[in-house]
Amino acid sequence: MAIQRKTRKELDKMRIAGRVVHKVLAHCKEICKPGVTTLELDESAYEVFTAQGAKGLFKNYPTYKPGEGFPSNLCISVNEVVVHGIAGDRVTEDGDIVGFDCGVNVDGWCGDSATTVMVGNVSPEVRKLCETTEEILMTAIQNIKPGRKWSQVARLMQNIAEREGYGVVRDFVGHGIGQTMHEDPKVPNFVSRDLLMNDIELREGIVLAIEPMCNLGTGKVRTLADGWTIVTLDNKPAAHYEHTVAVTANGAEILTDGN
Ligand code: MG
Ligand code: MG
């Protein structure tokens, strides 16, 4: 497993893609109101990144069935949908939480980020789920340092989720990112025997897409018949946040924060 490290120049190119992703997510947050369909949200997001000269990374993303790639521009995951939600005629309602995951390529370099938007009057427990999942992401980023092992960071992430009694999704993890969206290493949000045996030493220039997923109930998930949509096994809501993050000499730099 070869983890590629990026130069300062390459990180600057990734930041350009990251800025587009940030712009798309800010736009989605703005227009995600009760009554809008996920298809309308997806099409509007497409216009934003296309106007920036970016190519979406998700549409037609290959699956095990030849010719049947991912059908939407973004992954739009409402309430019990954890990740990989397909845009369609689902109407956003007051109290929903809507996860937007966007990945684009600009001039050969990728950015990948996700946020969960709270629509109108979200219940306090679901609001806390969202806020805590974002806190987990930010805690991970703040604890990145060259020389540290990823398992030390993943431990902190898992601890916060478990302190709140949330289900930690184990079937999906973060990933390295660069000229392609999914590069080595795999970046779990929890500590496993596998991670401890194949730990990642954080080194300057490594770029990771860190993406904690927390469920209000069980961490177990299942895939719908469409072959993509991942839902919680108990149909309770799930939150998902993601940033593309570079390891730097002093810590970490978020490439998808719009700066
Ligand atoms: Mg993503
Ligand atoms: Mg990702």
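Thr-133 is found in helix α3, which spans residues 124-142; helices here are DSSP runs of H or I of at least four residues, strands are E runs of at least two, and both are numbered from the N terminus. This is a predicted model, where local features need pLDDT of at least 70, side-chain atom pairs count only at pLDDT 80 or more, and totals for chains, interfaces and linings use all residues. Residues are numbered from 1 along each chain as its sequence is written, chains are lettered from A and ligands numbered from 1 in the order in which they are written, and side-chain values use heavy atoms, leaving out hydrogens and water.

**Around Thr-133**
- Thr-133 is buried, with a relative accessible area of 0% (buried means under 20%, exposed over 50%, partly exposed in between, using a 1.4 Å probe and protein chains only).
- A polar atom of the Thr-133 side chain sits 2.7 Å from the backbone oxygen of Leu-129.
- Setting aside neighbours within four places in sequence, Thr-133 is in contact (heavy atoms within 4.5 Å) with Pro-212, Cys-214, Ala-239, His-240 and Tyr-241.

**The magnesium ion, ligand 2**
- For this ion, the protein donors are Asp-112 (OD), His-175 (NE2), Glu-211 (OE) and Glu-242 (OE), at 2.1 to 2.3 Å.
- Their spacing along the chain reads D-x62-H-x35-E-x30-E.
- Another pair linking distant parts of the chain is His-175, in strand β7 (residues 174-176), and Glu-242, in the loop between β13 (238-240) and β14 (243-247), 67 residues apart.
- His-175 is buried as well, with a relative accessible area of 6%.

**The two ions together**
- The magnesium ions, ligand 1 and ligand 2, are 3.1 Å apart, and Asp-112 coordinates both.

Terms used: Donors are N, O and S atoms within 2.8 Å of the metal (3.2 Å for Na, K and Ca); water is not among the atoms, so sites may look incomplete. A polar contact is a pair of N or O atoms within 3.5 Å; within protein, one must be able to donate a hydrogen and the other to accept it, and residues adjacent in sequence count only if both atoms are side-chain atoms.
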